[in-house]
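Here is a friendly set of questions to work through with the model on your screen. Let us look at it first.

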Amino acid sequence: MNKIKLLGAFLSLITASCSTTLTEELPEAKFATLQISVRSPELTEMTRAVVDAKDVLKTVDLALYSSDNQGNLTLYKSVSLDVTNTQACKLVLQDVAYGKYQILAVGNASSYGGHATLTNPKDVYFENQMVPITFRAYQTLEVKAATQDLTLTLEPMVSSFRIYMKGAVPEGISSLLFEVTNAANHFDATTGLATADQVVPWSNTITIPADKVGTVNLNARLNLYLTEADLSTGNSTVAIKVSALNSKNESLYSVNLQQVPLKIGSITSYTGNFFQDDEFGFSIQVDNTWGELSGTY
């Protein structure tokens, strides 16, 4: 009996020892709170200073992505903010496990498009497939403290095409149709360029209110994500067809522009006699300063 009791006590000691050892080998999970401030380049003709993004943006969306051994990115946490002129552009992510992530911030400076979909960082897009004036910051982040403060500075993502139409808008015109080739309305945040499999022909329609009939020098703007960072050398493969439609979606006037010179962060303007079918009367100007962005869009 004494031997049996000793054996039982010995086994209990081993079990207790093993249990203690296993518990000690499991590290305690650590979590952090991230406080992120978003800033953007000031977009005026006279200065390139950095300002608080609340003075420029309408919305901000932010996401963290974890990565596996093959480099595949998975959405870990996200947060969105509707920006007002009275609040700082700051976002908070709580309960973030210690580790390495990719962090992405996307800003929208237009009054349309709403919030960005960030499920896949290589295929980011806005509501209704619109392309607002877009900014982004994308970088690696290591979370290793209970509270971390981070500042992200956004950079321009889009190239803009603008058409100035000389002469008065005729009766019967209700919208403008833009048809685009070799540019996209989705972008890859990891590269800052268009999402590769979204570079397909696409279109966008802009309504012309009835009170604009008779307006001289009407202008309209279209934003695009490019397949190359700089297409302003004259080798551009981007084509843009602009058509003026009536209420039955019939084209009454159109111009088909080939090799449109575009560049990220720039506005390319075409000015001509659009409503007189004068396809060869367009002059081209590329504004590299983003100076016009200080206005309302």
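Q: Which residue lies over the face of Y76?
A: This is a predicted model, with residues numbered from 1 along each chain as its sequence is written; local features need pLDDT of at least 70, side-chain atom pairs count only at pLDDT 80 or more, and totals for chains, interfaces and linings use all residues. Side-chain values use heavy atoms, with hydrogens and water left out. A charge sits over a ring if NZ of Lys or CZ of Arg is within 6 Å of the ring centre and within 35 degrees of the ring normal. At 5.7 Å from the ring centre of Y76, the residue is K77.

Q: How many aromatic pairs are there?
A: Rings of Phe, Tyr and Trp (its six-membered ring) pair if their centres lie within 6.5 Å; planes under 30 degrees apart are stacked, over 60 edge-to-face, and the rest tilted. By this rule, the count of aromatic pairs is six.

Q: What kind of pair do F161 and F178 form?
A: A pair of aromatic rings is described by the distance of the centres and the angle of the planes. The centres of F161 and F178 are 6.3 Å apart and their planes stand at 80°. The pair is therefore edge-to-face.

Q: How many residues apart in sequence are the parts that F161 and F178 tie together?
A: Strands are DSSP runs of E with at least two residues, and helices are runs of H or I with at least four, numbered from the N terminus. F161 belongs to strand β12 (residues 159-168), while F178 belongs to strand β13 (residues 175-181). The pair therefore joins parts whose separation in residues is 17.

Q: What is the angle between the planes of F274 and F275?
A: F274 and F275 are both buried. Their rings form an edge-to-face pair with centres 5.1 Å apart and an angle between the planes of 80°.

Q: Is D95 buried or exposed?
A: Most residues other than glycine have a negative phi. D95, in strand β5 (residues 90-97), has a positive phi of about 55° although it is not a glycine. Its relative accessibility is 53%, so D95 counts as exposed.

Q: How far is the backbone nitrogen of S110 from a polar atom of the side chain of N108?
A: N108 lies in strand β6 (residues 99-108) and is buried, at 1% relative accessibility. A polar contact is a pair of N or O atoms within 3.5 Å; within protein, one must be able to donate a hydrogen and the other to accept it, and residues adjacent in sequence count only if both atoms are side-chain atoms. For S110 and N108 the distance is 2.7 Å.

Definitions and conventions:
Buried means under 20% relative accessible area, exposed over 50%, partly exposed in between (1.4 Å probe, protein chains only).
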